Amino acid sequence: METPADAKARLLAAGLRPTAARLLLWEIMQGQGRALTAGDLLELMHRRRQVNKVTVYRNIEQFLRRGLVRRLCLEGRVAYYELASDQHPSHPHFQCTACGQVECLEPVNMSRFWTELKGPLGNRAEKIEILVEGICRHCRRLG
Ligand SMILES: [Zn+2]
Ligand SMILES: [Zn+2]
């Protein structure tokens, strides 16, 4: 788990001023155990303080461009975001087909899989995303 001081240092190293809004965004994205949409992030920020929608969206975009956040390409049109750090390396995700919620799964060793897939692609291959689909615990209870 990163401390607020770590977050500050990461932002500064990425060339971003550690404003209160950015630190709060970071804090919210950290330790959720799931990836969030821009709408989710906005809502969670709102619970904590007055935030401007445009600022939140702009900060997400800046985090993304500086590699602090990764955008997951999943089913549907909504983008999901999560922090990209050494403490939170790339990992598979579980998405509920009923509510769309995206849970982070433990990283698995994909090196064999990766080598096989990458072979014909060579250096065009940059990353693998693994998505497991199903019904989440919450939706299963409602069903
Ligand atoms: Zn669900
Ligand atoms: Zn994740």
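This is a stop-by-stop tour of a predicted model, with something to select at each stop.

**Stop 1: the zinc ion, ligand 2**

Select the zinc ion (ligand 2) and show the side chains around it. Which residues are its protein donors? They are Glu82 through OE, His91 through NE2, His93 through NE2 and Cys104 through SG. These donors lie 1.8 to 2.2 Å from the zinc ion. The angles among the four donor atoms run from 98 to 123 degrees, and the site is tetrahedral. For four tetrahedral donors, the ideal angle at a metal is 109.5 degrees.

Now trace the donors along the chain. Their spacing reads E-x8-H-x1-H-x10-C. Glutamate 82 sits in strand 3 (residues 80-83) and cysteine 104 in strand 5 (residues 102-104). The two are 22 residues apart, and the pair links distant parts of the chain.

**Stop 2: glutamate 82 and its other partner**

Stay on glutamate 82. Its relative accessibility is 1%, so it counts as buried. Arginine 70 forms a salt bridge with glutamate 82, with the closest N and O atoms 2.6 Å apart. Arginine 70 belongs to strand 2 (residues 69-72) and glutamate 82 to strand 3, so the pair ties together parts 12 residues apart in sequence. Are the two partners buried or exposed? Both arginine 70 and glutamate 82 are buried.

**Stop 3: the zinc ion, ligand 1**

Move to the zinc ion (ligand 1). Its protein donors are the SG atoms of Cys96, Cys99, Cys136 and Cys139. They lie 2.3 to 2.4 Å from the zinc ion. This site is tetrahedral as well, with angles of 106 to 114 degrees among its four donor atoms. Along the chain the donors follow the spacing C-x2-C-x36-C-x2-C.

Color this site by accessibility. Cysteine 136 has a relative accessible area of 7% and is buried. Cysteine 139, at 15%, also counts as buried.

**Stop 4**

Center on phenylalanine 63. What is it in contact with, leaving aside neighbours within four places in sequence? The list is Leu11, Leu16, Arg22, Leu25, Trp26, Leu68 and Val69.

**Stop 5: helix 2**

Select helix 2. Seven of its 10 residues are buried, so the helix is largely enclosed by the rest of the structure. The buried ones are Ala21, Arg22, Leu24, Leu25, Trp26, Ile28 and Met29. Show what surrounds them. They pack against helix 1, strand 1, helix 3, helix 4, strand 2 and strand 3.

Then step past the end of the helix. Glycine 31 follows helix 2, and its phi is positive, near 70 degrees.

**Stop 6: helix 3**

Next, select helix 3. Its buried residues are Ala38, Leu41, Leu42, Leu44 and Met45. They cover an arc of only 165 degrees around the axis, which puts them on the same side of helix 3. Look at what covers them: helix 2, strand 1 (34-37), helix 4 and strand 3 are included.

**Stop 7**

The arginine 70 and glutamate 82 pair was visited at Stop 2. Two others involve helix 3.

Select glutamate 27 and arginine 48. They form a salt bridge, with the closest N and O atoms 3.0 Å apart. Glutamate 27 is in helix 2 and arginine 48 in helix 3, 21 residues apart, so this pair links distant parts of the chain. Glutamate 27 is partly exposed, with a relative accessible area of 42%. Arginine 48 is also partly exposed, at 48%.

Finish on glutamate 43 and arginine 47. In this salt bridge the closest N and O atoms are 2.9 Å apart. The two residues are four apart in helix 3, which means about one helical turn separates them. Glutamate 43 is partly exposed, with a relative accessible area of 45%. Arginine 47 counts as exposed, at 62% relative accessibility.

Notes:
Residues are numbered from 1 along each chain as its sequence is written. Chains are lettered from A and ligands numbered from 1 in the order in which they are written. This is a predicted model: local features need pLDDT of at least 70, side-chain atom pairs count only at pLDDT 80 or more; totals for chains, interfaces and linings use all residues. Side-chain values use heavy atoms; hydrogens and water are left out. Donors are N, O and S atoms within 2.8 Å of the metal (3.2 Å for Na, K and Ca); water is not among the atoms, so sites may look incomplete. Four donors count as tetrahedral if all angles lie between 85 and 135 degrees; four count as square planar and six as octahedral if opposite donors are over 155 degrees apart and all others between 65 and 115; anything else is irregular. Buried means under 20% relative accessible area, exposed over 50%, partly exposed in between (1.4 Å probe, protein chains only). Contact means heavy atoms within 4.5 Å. The arc is that of the directions from the helix axis to the C-beta atoms. A salt bridge is a side-chain nitrogen of Lys or Arg within 4 Å of a carboxyl oxygen of Asp or Glu.
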